[in-house]
Amino acid sequence: MQPQRSTDRAETLALRLAERASGALIDEARLTPKPGLVDSRGSGAHHDLTLALMERSARSLQPTFYALALNSWRRPADIALRQQVGQLGREGEARMMAATQGVNTHRGAIWALGLLVSAAAMLDVDSTAQAICQTAAALAQLPDDRAPRLFSKGLRATQRYRVPGAREEAQQAFPHIRRLALPQLRRSRAAGAPETQARLDALMAIMTSLSDTCVLSRAGLAGLEAMRQGAHEVLSAGGCGTPEGEQALARLDADMLRRNASPGGAADLLAATLFLDGICLPTD
């Protein structure tokens with residue numbers, strides 16, 4: 001392949017992946033009704049977030065996703081790439097914070113989607129979600145010595161409650177996406193659910209199992225158990241597209257709001273699910 005053709009291919013792929021990643025964040029933000037989360041109805045359990053802010057944040061990250069894809073194209077998972085991905089992610093976080101005037105809208109999503117965008121570019125072929133997630137895991141398992149030693153709310157929650165967090169999810173190849181969210185999304189579609197309901201069902205599938213550190217930070221173990229049980233009830237009732245499932249979702253939403261709990265970790269993984277669903281071969 002000629003150098004110019006290689007450059008063109010890399011740039012075309014990077015643009016496609018960046019647009020899809022940013023679009024997945026917007027699709028997740030707009031999805032309604034989501035329990036405790038920002039959506040088209042309002043701010044959920046948040047006082048500093050709005051749908052407009054979430055969309056502005058998502059668009060501000062498109063250049064970051066483009067840079068991640070372009071710099072990861074056809075590269076192996078090694079320390080050099082891991083450190084570059086980390087640096088680009090931190091620069092993207094700074095860009096996001098500038099766009100939101102200091103509000104943390106998508107820090108967790110930068111981690112998950114950033115790794116998946118890089119992994120998709122590393123493979124440079126139409127791939128399965130399994131292959132992309134495993135490639136992302138290989139990258140996430142490598143150290144980033146340049147990363148600042150920050151003690152975030154999520155990290156405090158994982159240590160206090162001794163549960164896996166976003167880092168472990170990535171290092172284990174995103175099991176909540178591969179085993180729960182994507183299969184549920186496709187099952188719901190196959191059963192005739194409208195796209196909104198299918199995506200909400202995928203969110204519920206994540207919430208049935210995830211140790212969501214956003215919920216743990218706000219509502220403790222009782223809040224986490226309430227989230228998981230409520231999501232189970234939605235799916236057991238036939239999903240968000242049935243009258244019983246809709247009622248169970250409304251109860252879960254009310255409970256999350258009462259507890260001031262917002263499943264932000266589940267929302268990040270849903271956005272990552274929508275990203276993979278939009279770019280992957282439907283064979284896994």
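**A walk through the predicted model**

The loop that runs between α8 (166-171) and α9 (175-190) holds alanine 173. This is a predicted model, and in it alanine 173 takes a positive phi of about 70 degrees although it is not a glycine. With a relative accessible area of 7%, alanine 173 is buried, because buried here means under 20% relative accessible area.

Another loop, the one between α3 (62-72) and α4, contains arginine 74. The phi of arginine 74 is near 60 degrees, again a positive value in a residue other than glycine. Arginine 74 has a relative accessibility of 48% and therefore counts as partly exposed, since that class lies between the 20% limit for buried and the 50% limit for exposed.

The loop between α1 (3-30) and α2 includes proline 33, and the peptide bond that joins threonine 32 to proline 33 is cis, with omega at about 0 degrees. Proline 33 is also one of the residues in contact with leucine 249 when neighbours of leucine 249 within four places in sequence are left aside, the others being Pro35, Leu200, Met204, Val234 and Cys240. Leucine 249 itself belongs to helix α12 (residues 243-258) and is buried, with a relative accessible area of 5%. As for its place relative to valine 85, leucine 249 is 164 residues away in sequence and 37 Å away in space, taken from C-alpha to C-alpha.

Met204, which is among the contacts of leucine 249, is also named in the largest nonpolar core, where Leu17, Phe65, Leu116, Phe174, Met204, Phe275 and Leu276 touch the most other members out of 81 residues. Helix α5 (residues 107-123) supplies the largest share of this core, with twelve residues. Leucine 17 touches Ala69, Val117, Ala120, Ala121, Phe275 and Ile279, if residues up to four places away in sequence are not counted.

How do two of the helices, α2 and α4, cross, and at what angle? The axes of α2 (residues 51-60) and α4 (residues 79-99) come within 9 Å of each other and cross at roughly 145 degrees, and the crossing is right-handed. On the α2 side the contact is made by Arg56, Ser57 and Ser60, and on the α4 side by Arg95, Met96 and Ala99. Sorted by class, the residues in this contact are two nonpolar, two polar and two charged.

The cysteines remain to be considered. A disulfide is a covalent bond between the sulfur atoms of two cysteines, and a search of the whole structure finds zero of them. Cysteine 214 takes part in no disulfide, the nearest cysteine sulfur being that of cysteine 133 at 20 Å, and with 33% relative accessibility cysteine 214 counts as partly exposed. Cysteine 280, at 11% relative accessibility, counts as buried.

Terms used: Residues numbered from 1 in each chain as written. Predicted model: local features only at pLDDT ≥ 70, side-chain atom pairs only at ≥ 80, totals over all residues. Heavy atoms only, no water. Axes fitted to C-alpha atoms, helices over the stretch in contact; angles between N-to-C directions. Helix = DSSP H or I, 4+ residues; strand = E, 2+ residues; numbered from the N terminus. Left-handed = near helix turned anticlockwise from the far one by under 90°. Contact = heavy atoms within 4.5 Å. Nonpolar A, V, L, I, M, F, W, Y, C, P; charged D, E, K, R; others polar. Core = buried A, V, L, I, M, F, W, Y, C linked by side-chain atoms within 4.5 Å. Buried < 20%, exposed > 50% of the residue type's maximum accessible area, 1.4 Å probe, protein only. Disulfide = S-S within 2.5 Å.
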